Amino acid sequence: MQPERTADDAEAGDLADVPRPRESATLVGHAAAEAAFAGAIASGRLHHAWLIGGPQGIGKATLAYRVARYLLANPDTGPAPPRSLAVDPAHPVARKVAALSHPNLVALRRHRLPGAKALPTKIGVDAARKALDLFGATAGNAGYRICIVDSAEDLNPNSANALLKMVEEPPPHSLFLIVSHAPGRLLPTIRSRCRALALRPLAAAEVTQVLSGLPAPFRAPEAASLARAAALSEGSVARAVAMLDPATSGLVTEVEALLAGIERPDWRRILALAEKLAGREAEPLFEASLETVYRFVSSELDRRRAEPPARLAALVEVCDKTARAAREAATYNLDRRPLVLSLFGDLAGAVRAA
């Protein structure tokens, strides 16, 4: 059973009743990525900085903590690559990593500070400098000092530069495991100093395996709900968990119904949807709606792939326009209702033109 969390214990990416990556003893999928780390460890030439990229919720941070846990539990590694980087959950190092209490490990992440009412929107430079103080000390047991950044997108420009300075001139036996959902958006200077490791989305069967194996208090859903969530997850466990929520699942069903009749839009229902997605608390539902639209457009493009590209360009343009508008709405806290109405109007026109 995973450790109980207090009301103030909140971190970015938390999922209700689901263990955090540092609490997860198993890694589903990504055998090639684990083998890459195992080989580098055995070679004695483990690169000091790794950029672990891929979509959100596929196991990037779980892999990072798995690597850190193994190195901290095995400071003296031999020349033969380990078959697995697994560490017994009862091992003292595993317990310390889960509690973030190991003296040679620091996690640079967004989390609620004592006395704060909400999570910070970014990882500030003061938090980064405090975390990176670890590298000014000598590691115990002559082992690695490890920093896990989860995720790089949460760094602000100043904290990113603080990380860059440390990665540029790393102390001996230091390791930086940088998790990124969009590596292409990072500082080129950080990317150039990292060994890139791209993780692919999980297969639907692997998503099902993860969800079926989650410990209490998570309750595995009935088979039909689990299969639908895995099918809509696009390889992300986080997205699958969201799809298990009745409100999210119901919203996706509503959006799918509106898209099925997009050539003759039902503006009454679309307006009701826009109202439902307008509030700040509706951010997860809004994201689920956009993902549903993008899946629809992808399916349409695949179905019409024999048609001239010029006829399909309008569909792609709708997605690009919507993505830009969504980013602006998030940045400037704009009303989402016009965005939703414009999206369905543009999409109806694009489908009719294609």
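Val-106 stands opposite Cys-147 in strand S3. Strands here are DSSP runs of E with at least two residues, helices are runs of H or I with at least four, and both are numbered from the N terminus. The model is predicted: local features need pLDDT of at least 70, side-chain atom pairs count only at pLDDT 80 or more, and totals for chains, interfaces and linings use all residues. Residues are numbered from 1 along each chain as its sequence is written, and side-chain values use heavy atoms, with hydrogens and water left out.

Val-106 belongs to S2. S2 and S3 (residues 145-150) pair in the parallel sense over 5 bridges. Pairing requires that DSSP finds at least two bridges between two strands. In a regular strand the side chains alternate between the two faces of the sheet. In S2, Leu-105, Ala-107 and Arg-109 point one way, Val-106 and Leu-108 the other, and all are buried. Buried means under 20% relative accessible area, exposed over 50%, and partly exposed in between (1.4 Å probe, protein chains only). Because 5 of the 5 residues of S2 (residues 105-109) are buried, the strand is largely enclosed by the rest of the structure.

Now the whole sheet. It is open, with 5 strands in the order S2-S3-S4-S1-S5 and parallel pairing. S2 and S5 (195-198) are the edge strands, each pairing on one side only. From one strand to the next, the twist averages 15°. Angles run from 0 to 180 degrees between N-to-C directions, and axes are lines fitted to C-alpha atoms, for helices over the stretch in contact.

S1 (residues 49-53) and S4 (residues 174-180) pair in the parallel sense over 5 bridges. Gly-53 has Ser-180 in S4 as its bridge partner. Helix H4 (residues 125-132) packs on the sheet and touches S2, S3 and S4. Contact means heavy atoms within 4.5 Å. The direction of H4 makes about 170° with that of S2. Helix H5 (residues 157-168) also packs on the sheet, touching S1, S3 and S4, and its direction makes about 140° with that of S4.

Next, the nonpolar cores. Such a core is a set of buried Ala, Val, Leu, Ile, Met, Phe, Trp, Tyr and Cys residues joined through side-chain atoms within 4.5 Å. The largest has 35 residues, of which Phe-37, Leu-63, Ile-146 and Leu-177 touch the most other members. H1 (31-43), S1, H2 (60-73), H3 (92-98), S2, S3 and S4 each give two or more residues to this core. H2 gives the largest share, 10 residues. Apart from this core lies another, of 30 residues, among them Leu-285, Phe-296, Leu-347 and Val-351.
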